[in-house]
Each structure stands twice: as structure tokens, then as C-alpha cells.
Amino acid sequence: MCLCRTLLIQQIRGSSNAILVKEKKPTNSLLITKEEGLVLYEDMILGRSFEDMCAQMYYRGKMFGFVHLYNGQEAVSTGFIKLLTKSDSVVSTYRDHVHALSKGVSARAVMSELFGKVTGCCRGQGGSMHMFSKEHNMLGGFAFIGEGIPVATGAAFTSKYKREVLKQDCDDVTVAFFGDGTCNNGQFYECLNIAALYKLPIIFVVENNLWAIGMSHLRSTSDPEIWKKGPAFGMPGVHVDGMDVLKVREVAKEAVTRARRGEGPTLVECETYRFRGHSLADPDELRDAAEKAKYAARDTITALKKYLIENKLANEGELKKIDDLVEEAVEFADASPQPGRSQLLENVFADPKGFGIGPDGRYRCEDPKFTEGTAQV
Amino acid sequence: MWGILRRSAVDGGGFSASSLRRTRFALVSARSYAAGSKEMTVRDALNSAIDEEMSADPKVFVMGEEVGQYQGAYKITKGLLEKYGPERVYDTPITEAGFTGIGVGAAYAGLKPVVEFMTFNFSMQAIDHIINSAAKSNYMSAGQINVPIVFRGPNGAAAGVGAQHSQCYAAWYASVPGLKVLAPYSAEDARGLLKAAIRDPDPVVFLENELLYGESFPISEEALDSSFCLPIGKAKIEREGKDVTITTFSKMVGFVLKAAEKLAEEGISAEVINLRSIRPLDRATINASVRKTSRLVTVEEGFPQHGVCAEICASVVEESFSYLDAPVERIAGADVPMPYAANLERLALPQVEDIVRAAKRACYRSK
């Protein structure tokens, strides 16, 4: 724990912007209080049970298409998102169920969305890879890797614009999550440049799980140390153990505070691992069993549980599982109806007048039969 | 004139204020040099539209290469940096994918970006964001997140700029549900449609034309008013006629109007439709016109296969087949990447003679 902090301070000071790292020492020298610990634990357990349930439901045929599970990486999501407020934004990739849950979207809404039901957070129109929630500022859910990074940079841009041009009291930050494979994509570098240039309040979080489907990070990257790419663009680059939620949380606190103060972006590389394949269709044959076992031994949930019990922050009884929440979500999703036929043509445009002019020459939206759907489906 | 009266009757209204205005516009544009009416270049029209929208709504900002200090690669954003400052007029690095995505993200979060592409050919480096994160978002999020963004810039062929700078993207963008695609011709079109686009809550692809920027058009007092907007999804009948319908958009409107003059000398009265809006396409106006004239010639500058003309022909054949007296005619650019040599370039683009020939072909077939 101490070694990581020293490394962290050195790396931050190594960049062109020196930061004073204030070490707040709680009186009892623990990193978290009991309440915080329980929040973190519950969030990670929710993420894990939810993803396990997704696998079960997929093999039973209730869920379909592409489903990418987050097992093993919970520390990153919980570590960062539990520090954010409701008005801060999160942008993710296709591996976004747990990011949505951590941000506050209800398990019911996410499960219904995965089942393709009308009660889902996107009414069944988005699916596993496109979790959007305006209320919780979960801005997606993108299928193309690297696509979310410019969108997140734009959301951070808006926060700065609101403060400087619209003169609103806005210190919202944006957290962009993406993987190691994305770090070889052009858009990533374009956004590192612009974020540092305009000092945008954004945190770029690399969930380096060493594998992009079957392509090992070491095979595809000339310099595999991703955190180094931050200082090349004028922002701090930090490497943290992504299997330890407390370490991730400490780094996240620094990065979020920096962004809120207007000092600009940070690049955080979290070394983590996904216990399952890339998606539920991935046979996962290329990864070494020994590597999997090594990371399974560093499971973030067992580590946090051990920390809480050893430091007398909670006992076994308080750390009971929350399976019932996930099971209730499944029941709710099962019982929900599928979207109606007329929903096919809705929401293409925010201004439906633009949907066109019907055969009688009037705007389609003025036609009383508009919501019945105009295509012969 | 009678065409407009009949169309109003079809619309179910009598002489409403809007149809009166349409009548007046038709009269204004039929006269090229009306005494006492003002003229405005397309460039000034676009500049004034962006200026007025920026001053009316502080959430509107401009982003693109050379839009600020250089005053705009084609001077469309001239003077905006001095007026609004660098916080609202951003000179971006050469990062189409990056800044387009940033514009989309800013639109997600509530701002109204106007993203300029130096030419729409460069938008190909950013097309993922235009289509996947802008066009599809309102649908994917079931209406939670709309994207009030405008992508604008010159589209189509210029003069001698070669294959990689001359493609017309109307058909590509117009095939995507979730996008609105506009193509102005005159200064009034440019002003009205750009203002409507900036105010629109959906992503709009605004296809200008470099060769039209310097052209002057007469402009009415209404069009100079700061709340002037044209409706998205409605075409304009530039010239009334009764023998053949010719539809087109952008620079080709000028060519078609010249062709219509030539045809008039030979006794063929052509009805010229300026599409203005490629998506949504004003199928009602096109079909009503074809039902009146019974012949269709569609003209565009882009590649022929899967083009805008193909869609219009399909729509007319589907909806007005029994009214047609001749096969539908399609005039498009040549099916080759744009050559550089001036004479080859002229051969690769529709010229007035080609349009006249096609219209005559459409008229004589049934005789």
C-alpha cells in the first residue's frame, strides 16, 4: 500500500504539472470508514452477482446478441464511480453493465434492457452495449472502441463551457472508461491532445485487462506501459493496481479533485483482469490457466472483505450477499412486456416533424395514426 | 402561380399566410434583378445566420479547422472570433474524429455545436461519430439523449480539386435514419435552412457548395429578419411548369434553371423543384408535381449508383406510376472518381446541355 502511494506521488510530480499530494490521514489511519466500506462492498457484490446472472440468463435464451461481462474488474468501476456525484458523467464501452449500475441505474432497468423489454433503461432499443441514462448521466454504452472517448471529452468540454461562457456554477467531471486495445486507436491520442490543450475536467481510465478479445496487449503495442502516454501530452499518467479497490479509490480521489479544481485531465492505467471471456460467445482458449489463477487469487471482493473484517469495520453478518436484488430484477424483467409495434418508428428524431411528410402532404406527426406505425411490419 | 394555388387546395388550407409568402418568394426568385430588392452572397447569408444564432443562444458555438483566426477556410465564419471570443469559436487541431466526437459529446450534455468540416470529404475520417454516436443516439437511448448538432461544410465538386476533394455525400448521409440532411441553393435557402438546422434538436448534415459561396442572390426583407427559418423537409418549386418535372439540389439548381430557360424557348415548360431537404425528402411535392406533368427528370452531381436521384425515381415509380407518360430520367455525375483535367472534369459533371437533352427525351417519348 505504501509503495504504491510513493510511486503515485513520483509519477504525478514527474509530469509538467506538479501537484501537491495532500495526504489526509484519518485519525485511525484506515483508508475508509465503515459506511464507505459497506458502500464499496455492496456495489462490487451487486456488479458481480449481476454479471453472473447475465451469464445464466444468456444460456437460457433470455438475453441475446453480444453480451460482455465485467467479472473481475469491479474495483475500477466502484473505485471511480462511487466518488462521483449524480451530475458527473460516465462514458463507457460495450462492457458497460456495471458502470451503469455503479452510476445509479437500477438493476431492474438494466436487466430489462438486456431482456429487450419496454421497462429497460432505453426501452429495449439500446441493448447490452448501449446503456444510456440521462437522469444518472450515463452517456453510453458504445460498441466501437475509442468511440466513447471523444464523446466523454465533449461532455467535459461542456462542463468547462458552462462555467466559463454560461457563467454557471459547474464543476462536473467526466470519467471515460476504455480498454488496453483502445490505446492503439487514433481517437485516443486526438482526445489526450485536446483535453490537455483545453485543460478539460476529464479522467481517462484505462482498464488494462491485458487482452483485446484474443489479442494480447504485449503482442499489439510497441510500448505496453500506457500510463507513460499521459506525460507525452502534458498530463499526469498514473499506474495503479486495478484489483484493489482501495488503491483505485485513492488515485481516483486525486484525479477527480484535480479535474474539479480546473487543473485538467489525468490518465489512469488500472491493471486489472476479466475472469470471463471477452463476451459470452468467446471460448476464451488463448489465455493461460496459470494467468487466470493468479488474478483470481487477487479477487477484489475477497480482498475488500478481508480488509473490512480484519480492520473490524464490519462482520460477516453485515456482509451478506445481495442476491435477492438481482433475482428480483430478473423477475421484474421477465414479467415486463416487450415493446409495442409502434415503438419501432419512435424516437428516430427528437423533433418528429423531421420524420417527414406523409403521402397526404402533411407532417407525419400531425397524422393521428402516427403512433400506430407507418411501415408495414 | 396556379400550381401554388392548386397545391394549397391539396394541402387542405385556403390562402394561409404561409402560402401567400410562398407565392411571393416564387415571384421574387423568378425575377433575377428586381429593382430595389437587396442581394446577398451565399457566404454572407451563412455568416449572418451563424452570427444571429450565436447571439441569440449562448449554447451555440463553432468548432472546426481554421474557423477562428484564419476567419474560416472559405471565410464563412469571418468576424465570429472577434465578436464572440475564443471560448465560442474554436480553432481545432487536425483531428476530425476527435473534434467531431467532442462536438457530439457536448451536444449530449446540452450545448449546440456547429461543427465545420473543411470539406465533407474530410468528414469520412469522422463518419463514425456522425452516424454511430450522433444519428443513432436518440433512438438507442429511447429519446433520453438527443443531439442538437450541425455538421456543415462544402460538399461536392469544386473546380479542379481532384478526386479526393470532389465527392458528393448527400446520398451517403441521407440513407441514415436519425440524420437530417439539407442542401441549400440560394442565399435565402442558406440563411433559412442553417438557422433552422441550428435550432433543430436533431443532428443535421448541412451540405453547402464551394462554388456557390460567392454567388449573389436577391433576398427579401423577411429572409433578413433574425427569426427567419425555413421548414426542414419541404422542397421549393423554383419555377412553375406543366410539361416535365425536373428535381435537383444545390449547385445543380442553377444549371437546371438555365436549362429550363432553354427548354422554354423550344416550347417545353419545365417545373423546377429545388429539393432543399434531402432527408426527409419532400416526396409529396415531387409526386404532386409529377402527377401534374407526367414526366420526371432528376439531376444531381454525385455518383449515379444508389444516389439521391435513384431514391426519387423509386419513390415516383412507387407512388405515381400510373401518372407517368415517359420513363423516369436520371442525370448524375459520371461513374468515375473526379478527374483533374478541366475538360474531363466538365465531362464528368452534368451540364446544361445534358439536362436539356434529357428533358426533351422525356417529352418526345410519348409523341
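Biologist: What is the mean pLDDT of chain B?

Modeller: pLDDT is the predictor's confidence in each residue, from 0 to 100. In chain B, 89% of the residues reach 70 or more. For the complex, the predictor gives an ipTM of 0.77 and a pTM of 0.82. The mean pLDDT of chain B is 89.

Biologist: Over which residues of chain B does pLDDT stay under 50?

Modeller: Where pLDDT is low, the predicted coordinates should not be read in detail. The stretch concerned has 34 contacts (heavy atoms within 4.5 Å) beyond four places in sequence in the model. The residues are 1-35 of chain B.

Biologist: How many helices and strands does chain A have?

Modeller: Helices (H or I, at least four residues) and strands (E, at least two) are DSSP runs, numbered from the N terminus. By that rule chain B has 15 helices and 14 strands. Chain A has 13 helices and 9 strands.

Biologist: What percentage of the residues of chain A count as buried?

Modeller: Buried means under 20% relative accessible area, exposed over 50%, and partly exposed in between, with a 1.4 Å probe and protein chains only. Of the 367 residues of chain B, 60% count as buried. For the 377 residues of chain A, the value is 57%.

Biologist: In what order do the strands of the open sheet in chain B stand?

Modeller: Two strands pair if DSSP finds at least two bridges between them. The sheet has 5 strands with mixed pairing. At its edges stand β9 (236-239) and β14 (329-331) of chain B, each with a single partner strand, so one side of each is left without a neighbour in the sheet. The order is β9-β11-β10-β13-β14.

Biologist: Which residue is the bridge partner of B:T247 in β13(B)?

Modeller: Strands of a sheet pair through backbone hydrogen bonds, either parallel or antiparallel. In chain B, β10 (residues 244-248) and β13 (residues 296-299) pair in the parallel sense over 3 bridges. The partner of B:T247 is B:T298.

Biologist: Is B:S250 buried or exposed?

Modeller: B:S250 is placed in the loop between β10 and α11 (252-265) of chain B. Its phi is positive, about 60°, although B:S250 is not a glycine. With a relative accessibility of 8%, B:S250 counts as buried.

Biologist: Is A:K167 buried or exposed?

Modeller: A:K167 belongs to the loop between α6 and β4 (174-179) of chain A. Phi of A:K167 is near 55°, a positive value in a residue other than glycine. The relative accessible area of A:K167 is 65%, so A:K167 is exposed.

Biologist: Which residue stands opposite A:G237 in β9(A)?

Modeller: Strand β8 (residues 237-241) of chain A has 4 of its 5 residues buried, so this strand is largely enclosed by the rest of the structure. β8(A) pairs in the parallel sense with β9 (residues 266-271) of chain A over 5 bridges. Opposite A:G237 stands A:L267.

Biologist: What is the omega of the cis peptide bond from B:R279 to B:P280?

Modeller: B:P280 lies in the loop between β12 (277-279) and α12 (283-293) of chain B. In chain A, the peptide bond from A:G140 to A:G141 is cis, with omega near 15°. For the bond from B:R279 to B:P280, omega is near 0°.

Biologist: How far does helix α3 of chain B reach from its first C-alpha to its last?

Modeller: Helix α3 (residues 42-56) of chain B has 15 residues. The expected span of a helix is 1.5 Å times one less than its number of residues. Among the buried residues of α3(B) are B:V42, B:L46 and B:I50. The helix reaches 21 Å, close to the expected 21 Å.

Conventions: Residues numbered from 1 in each chain as written. Chains lettered and ligands numbered in written order. Predicted model: local features only at pLDDT ≥ 70, side-chain atom pairs only at ≥ 80, totals over all residues. Heavy atoms only, no water.
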